[in-house]
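I opened my notebook to write down what I looked up in this structure. Here are my entries, one topic at a time.

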Amino acid sequence: MSFLILFRYFIHSLRSRGFLATLSIPIFEPYYEYYFGIHSSGMKVSKSKDYFHYQGATYFALLKVMREIKKYANSYTFMDIGCGKGRAMIVAEYFGFKKISGIELDKDLLKMANRNIVVRKRPITGTEFKLQHINALEMQYLNEPTVFFLFNPFSREVLDGVLKKICEQNKQRNIFIYMNPTAREAFHTSHFKLIKEIRTRNYTEAIVFEQLILE
């Protein structure tokens with residue numbers, strides 16, 4: 001099953017990103033896994049229609065996205081919703097984020113994320129990690145400036161509920177990074193403003209939204 005998903009992903013990438021960008025993806029993977037000293041590759045297929053399978057965002061795309069948001073590192077918390085094995089959190093640390101949190105519904109993936117944080121090669125003094133095993137719909141979101149990172153972790157219905165809860169509990173000018181944005185319409189409300197679309201050729205790697213402060 002996972003091989004077929006990966007094969008479809010490869011063909012889709014080839015058509016939308018082009019040959020050179022698609023070729024860069026498998027080259028980046030082992031290099032940055034070694035560079036950070038972690039094991040976050042692979043796929044875990046989900047049987048749920050609402051909570052999607054695990055696959056870490058490619059380093060090729062992730063580095064591209066992080067370069068766009070590193071300006072928030074000094075004053076924002078970085079929160080990965082559906083953090084999987086912790087790849088995005090460790091890359092966020094590399095780009096200067098000091099307060100980093102992640103939530104994950106799968107206990108086995110969360111254990112791998114904790115292990116990767118412990119064994120990573122390049123820890124930065126002062127970084128604070130907080131990981132929780134919890135459903136994003138049940139999370140109590142702190143009212144502090146936050147960069148929320150989502151790599152298409154769940155369905156439109158769940159995403160609607162998560163965004164509604166965040167907007168009710170966190171009244172800051174938060175930033176949302178939505179990678180592989182299959183349900184981007186969830187952000188087409190008065191609560192959000194599109195500030196950046198990050199593309200590789202014809203492929204949208206991520207969409208960046210700002211949460212507006214409504215009276």
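This is a predicted model: local features need pLDDT of at least 70, side-chain atom pairs count only at pLDDT 80 or more; totals for chains, interfaces and linings use all residues.

**Entry 1: a word to settle**

I call a residue exposed when its relative accessible area is over 50%, buried when it is under 20%, and partly exposed in between.

I found Arg201 in the loop between E8 and E9. Its phi is positive, about 55 degrees, although Arg201 is not a glycine.

Asn180 belongs to the loop between E7 and E8. With a relative accessible area of 26%, Asn180 is partly exposed.

**Entry 2**

In what order do the strands of the open sheet run? I traced 7 strands and got E5-E4-E3-E6-E7-E9-E8, with mixed pairing. The edge strands are E5 (128-133) and E8 (192-200), and each of them pairs on one side only. Ignoring direction, neighbouring strands of this sheet are turned by 15 degrees against each other on average.

A reminder to myself: strands of a sheet pair through backbone hydrogen bonds, and they do it either parallel or antiparallel.

Next I went through some pairs:

- E3 (residues 77-81) and E6 run parallel and are joined by 4 bridges. Here I saw Phe78 opposite Val147 in E6.
- E6 and E7 (residues 175-179) are also a parallel pair, with 5 bridges. Phe151 has Met179 in E7 standing opposite.
- E7 and E9 (residues 203-211) run antiparallel, joined by 5 bridges. Met179 stands opposite Ala206 in E9.

I then checked what packs on the sheet. H6 does, touching E3, E6, E7, E8 and E9. The direction of H6 makes about 165 degrees with that of E7.

**Entry 2: how covered is E6?**

How many residues of strand E6 are buried? I got 5 of the 6 in residues 146-151, so the strand is largely enclosed by the rest of the structure.

I looked at H3 (residues 59-69) and found it mostly covered, with 8 of its 11 residues buried. Tyr59, Phe60 and Leu62 are among them.

H4 is mostly covered too, with 7 of its 8 residues buried. The buried ones include Arg87 and Glu93.

**Entry 3: rings**

Two numbers describe a pair of aromatic rings: the distance of the centres and the angle of the planes. I counted 22 aromatic pairs, taking rings whose centres lie within 6.5 Å.

My pick was Tyr32 with Tyr35. Their ring centres are 6.1 Å apart and the planes are at 70 degrees, so I put this pair down as edge-to-face. Tyr32 and Tyr35 are 3 residues apart in helix H2 (residues 19-36), so about one helical turn separates them. Tyr32 has 17% relative accessibility, so it counts as buried.

Then I turned to Phe78 and Phe97. Their ring centres are 5.4 Å apart with the planes at 55 degrees, so this pair is tilted. It links distant parts of the chain, 19 residues apart: Phe78 is in strand E3, and Phe97 is in the loop between H4 (87-94) and E4 (99-104). Phe78 is buried, at 0% relative accessibility. I got 0% for Phe97 as well, so that one is buried.

I also noted a cluster linked by ring pairs, including Phe28, Tyr31, Tyr32, Tyr35 and Tyr94.

Which charged ends sit over rings? Over the ring of Tyr34 I found the charged end of Lys121, 3.3 Å from the ring centre. The charged end of Arg122 sits over the ring of Tyr35, 3.8 Å from the centre.

**Entry 4: one last spot**

I finished with Val119, which lies in helix H5 (residues 107-119). Val119 has 34% relative accessibility, so I marked it partly exposed. The C-alpha atoms of Val119 and Ile38 are separated by 6.9 Å, and these two residues are 81 residues apart along the chain.

Notes
Residues are numbered from 1 along each chain as its sequence is written. Side-chain values use heavy atoms; hydrogens and water are left out. Buried means under 20% relative accessible area, exposed over 50%, partly exposed in between (1.4 Å probe, protein chains only). Two strands pair if DSSP finds at least two bridges between them. Rings of Phe, Tyr and Trp (its six-membered ring) pair if their centres lie within 6.5 Å; planes under 30 degrees apart count as stacked, over 60 as edge-to-face and the rest as tilted. A charge sits over a ring if NZ of Lys or CZ of Arg is within 6 Å of the ring centre and within 35 degrees of the ring normal. Axes are lines fitted to C-alpha atoms, for helices over the stretch in contact, and angles run from 0 to 180 degrees between N-to-C directions. Contact means heavy atoms within 4.5 Å.
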